[in-house]
Every structure is written in structure tokens, then in C-alpha cells.
Amino acid sequence: MTDMSQAHKVKIIYFSGTGSTALAAEEFERELISRKVPVVISEIRAGNFPSINDEGLLILLFPVHAFNAPEIVYEWIESITVRNPLSTAVISVSAGGNRKPNMACRLSSIKRLEKKNCRVFYEEMLVMPSNWVKKTPEGLAIRLLEILPLKVKDIVDEMLSEKKHRTKPPQFDRILSRIGELEKKGAKRFGKKILVSDNCNGCGWCEKNCPANNISITDGRPAFNGTCLLCLKCFYGCPNKALEPGKFKFFIIKDGYDLKALKGRMKGVKPEPVEELAKGYLWRGVRNYLLEGNKGKY
Ligand SMILES: Cc1cc2nc3c(=O)[nH]c(=O)nc-3n(C[C@H](O)[C@H](O)[C@H](O)COP(=O)(O)O)c2cc1C
């Protein structure tokens with residue numbers, strides 16, 4: 001087994017659409033730095049694939065998209081060359097948590113990593129507020145942000161002590177995750193049909209910030225290239241709120257998705273009991289995530 005002691009570098013590689021996975025990746029970085037473990041952190045973006053060597057530990061993080069990783073994560077894995085077995089941890093970041101049909105969301109990336117000589121010994125799910133379809137109620141979203149550093153601390157403890165943590169997803173989730181791969185084709189089509197309103201002043205924010213290189217400003221207006229990853233960053237981030245899906249409008253949360261603003265509202269909020277905040281079937285995975293192992297720990 002690779003020595004993961006101080007002398008070895010940890011490389012954190014992540015893809016993030018609307019910032020939740022970036023926040024989680026930065027939390028890993030902070031935790032490792034606090035333990036004096038050398039760490040480098042890099043983002044996967046179209047046209048900018050971070051390289052890795054085969055020393056130390058690789059931590060790969062991605063948001064769950066349709067019970068899978070976004071396509072750019074597979075493309076990045078395809079791009080790497082690893083000569084000697086590399087200790088690897090895979091962390092998925094979802095809105096729904098460890099529940100059906102999310103449980104096989106890391107399977108495909110892990111298989112691809114293993115083909116590339118990455119020895120995946122650890123996998124885990126983090127939960128962050130939802131950026132699509134259904135907004136996570138604010139109190140619950142704040143709870144998720146509060147618990148993130150504690151979850152990351154526990155994961156880092158386990159990873160650095162080389163604890164093996166692999167899961168066996170149920171057949172149902174495996175099937176749905178395969179079906180979910182269809183989202184990748186749909187994303188490209190979705191991204192071609194984005195509507196631009198008169199609010200657009202051609203500022204170029206979307207072009208600069210799209211992690212998929214799907215947007216280029218042509219004659220002062222955004223044009224779409226068919227490489228969309230459905231990350232939704234452009235809709236929520238556009239400073240003029242000038243973009244709207246041409247199809248599947250229900251993907252977008254009406255109030256928007258702004259993690260920074262949410263963090264700003266965290267102070268002074270009296271935490272309500274998780275059982276109250278996360279009632280019902282929909283939030284079961286989030287409820288379990290917040291309560292699991294919680295013998296006064298979190
Ligand atoms: C197209 C799309 C598909 C998603 N699919 C799932 C899913 O299958 N399961 C889930 O729990 N969350 C799903 N989510 C929610 C995200 O995984 C979650 O909000 C994540 O924290 C977003 O990370 P990011 O801000 O780094 O992009 C989806 C989000 C998008 C945009």
C-alpha cells in the first residue's frame with residue numbers, strides 16, 4: 001500500500017458546476033493543510049485537464065448528475081496516464097444523498113479509474129443543497145453547510161489511516177445509473193437550446209465561466225456550441241439573469257442557487273432539529289446523512 005504519510009502529496013481534482021463540489025474540495029484542502037499534509041488542488045474544465053503523477057493520494061470529487069458523474073469527469077479520466085498503482089479516493093457530491101437511485105453514482109468512474117491503474121480504496125458521498133429541480137429548504141441547506149467540515153474531517157481521518165471503504169450498489173441503482181448516462185446526450189441538446197433574453201448586454205460572464213466551453217460571445221450575444229454538461233452554472237450565475245432553458249425549465253430552481261449568499265445567511269440561524277427539517281421520503285437521504293453516526297458527534 002502507498003505510504004500516505006506527510007512526505008506524500010495529496011492531489012485533489014474536482015469538477016464543479018454551481019460551486020458545491022468546489023466548496024467540498026476546498027474543505028478537503030483546508031483539512032489536509034491543517035494536518036500539514038502537502039496538497040495541490042485543481043479543477044477540471046474543458047480545455048484544461050489537470051495532469052497527475054502516480055505518487056501519494058488522488059482525491060477525485062464530482063457532482064452527481066442523473067445518478068452518475070458528468071461526462072467531463074470520464075473525459076478527464078480518459079486523459080490521464082498512471083504508470084504505478086495510485087491510491088485513489090472518489091467523493092461524489094449530491095443533493096439526495098445515499099439513497100435509491102443514487103447508490104451506483106460512482107461505479108462508472110471507479111471502473112474507468114481502475115482501468116487507468118488507480119487503486120480506488122475509498123469512496124463516499126457528501127450532500128450539499130440541491131441545485132436543480134427542487135430547492136433544499138433553507139434550514140436544511142444551512143445544516144448541510146455546517147456539517148461539511150465535520151464530514152470532511154472524518155473522511156480525511158479514514159483516508160489517511162488507509163481505511164478501505166468501498167460500497168456495493170444494489171442492482172436497481174446500477175441499472176438506473178446506466179439509464180442515467182442518457183443525460184449526457186440530452187445535456188448537449190439542452191445546451192444548444194438556451195434562450196437569451198433582452199437583459200443580455202454581452203458582458204461575456206457566461207463565456208468566461210462555462211466549464212464546458214459551451215458558450216462563445218458572437219456579435220455581442222452568447223452562442224451555444226453543443227458541449228453543455230447541464231451544470232446550470234450559466235443560468236444561476238449570469239449577472240443580468242438573461243439566460244433561460246429552452247426546454248426542461250423545471251430543472252432550474254426559481255429562487256436561483258447562490259451558495260455564497262446562503263453562507264452569508266448562516267450566522268445567527270438557530271438550528272432546528274434535523275427530523276423537523278428533513279421530513280418525508282424526498283429528504284430521506286439527506287436526513288440519514290445528517291443523522292448517521294451522530295451520537296452527539298456532529
Ligand atoms: C443535471 C443535474 C442532475 C442531477 N442529478 C442528481 C442526481 O441524480 N442525484 C442527486 O442526488 N442530485 C443530483 N443533482 C444535484 C447535484 O448533484 C447537487 O446539487 C450538487 O451539489 C451540485 O454540485 P455543483 O454545485 O458542484 O455543481 C443534479 C444536478 C444537476 C444539475
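## A cis proline in a loop

Proline 101 is found in the loop that runs between E4 and H3, where helices (H or I, at least four residues) and strands (E, at least two) are DSSP runs numbered from the N terminus. The peptide bond leading from lysine 100 into proline 101 is cis, with omega near 0°. Most peptide bonds are trans.

This is a predicted model, in which local features need pLDDT of at least 70 and side-chain atom pairs count only at pLDDT 80 or more, while totals for chains, interfaces and linings use all residues. Residues are numbered from 1 along each chain as its sequence is written.

## Overall build

The protein's secondary structure amounts to 11 helices and nine strands. With a radius of gyration of 19 Å, close to the 19 Å given by the globule rule for 298 residues, the protein is as compact as a globular protein of that length; the radius is taken over C-alpha atoms, and the rule is 2.2 Å times the number of residues to the power 0.38. Along the principal axes, the C-alpha atoms of the protein fill a box of roughly 55 × 50 × 40 Å.

Of the 298 residues, 42% count as buried, a residue being buried if 20 or more other C-beta atoms lie within 10 Å of its own, exposed if 12 or fewer do, and partly exposed in between, with C-beta atoms placed from the backbone. Among the contacts between residues at least 6 apart in sequence, 78% join residues at least 24 apart, where two residues are in contact if their C-beta atoms, placed from the backbone, lie within 7 Å.

## Two domains

The protein is divided into domain 1 (10-178) and domain 2 (184-259), with bounds that come from an automatic or database domain assignment. The C-alpha centres of domain 1 and domain 2 lie 25 Å apart, and 16 residues of domain 1 are in contact with 17 residues of domain 2. On the side of domain 1 that touches domain 2, the elements that give two or more residues are H1 and helix H2 (71-79). By class, that side of domain 1 has six nonpolar, seven polar and three charged residues; Ala, Val, Leu, Ile, Met, Phe, Trp, Tyr, Cys and Pro count as nonpolar, Asp, Glu, Lys and Arg as charged, and the others, Gly among them, as polar.

## The ligand and its shell

The ligand is surrounded by 23 residues, of which Gly17, Thr21, Pro63, Ser94 and Gly96 are the closest; a residue is near a molecule if its C-beta atom, placed from the backbone, lies within 6 Å of it. Helix H1 (20-34) and strand E4 (86-94) each supply at least two residues of this shell, which by class has 11 nonpolar, 12 polar and no charged residues. Domain 1 and domain 2 both give residues to the shell, and the ligand therefore lies between them.

## The nonpolar core

The largest nonpolar core has 84 residues, and those with the most contacts inside it are Ala24, Ile59 and Leu61; such a core is a set of buried Ala, Val, Leu, Ile, Met, Phe, Trp, Tyr and Cys residues joined through C-beta atoms within 7 Å. Leaving aside residues up to four places away in sequence, leucine 61 touches Tyr14, Thr21, Ala24, Ala25, Ile91 and Val93.

In helix H3 (residues 107-115), Leu107, Ser108, Ser109, Ile110 and Leu113 are buried, and the buried residues of H3 pack against H2, E4, strand E5 (118-127) and helix H5 (171-180). Asparagine 117 lies in the loop between H3 and E5 and has a positive phi of about 80° although it is not a glycine. With 15 other C-beta atoms within 10 Å, asparagine 117 is partly exposed.

## Two further loop residues

Phenylalanine 248, in the loop between strand E9 (243-244) and helix H9 (259-264), also has a positive phi, of about 50°, although it is not a glycine. Most residues other than glycine have a negative phi. Phenylalanine 248 has 14 other C-beta atoms within 10 Å and is therefore partly exposed.

Lysine 36 sits in the loop between H1 and strand E2 (39-43) and counts as exposed because it has 8 C-beta neighbours inside 10 Å.
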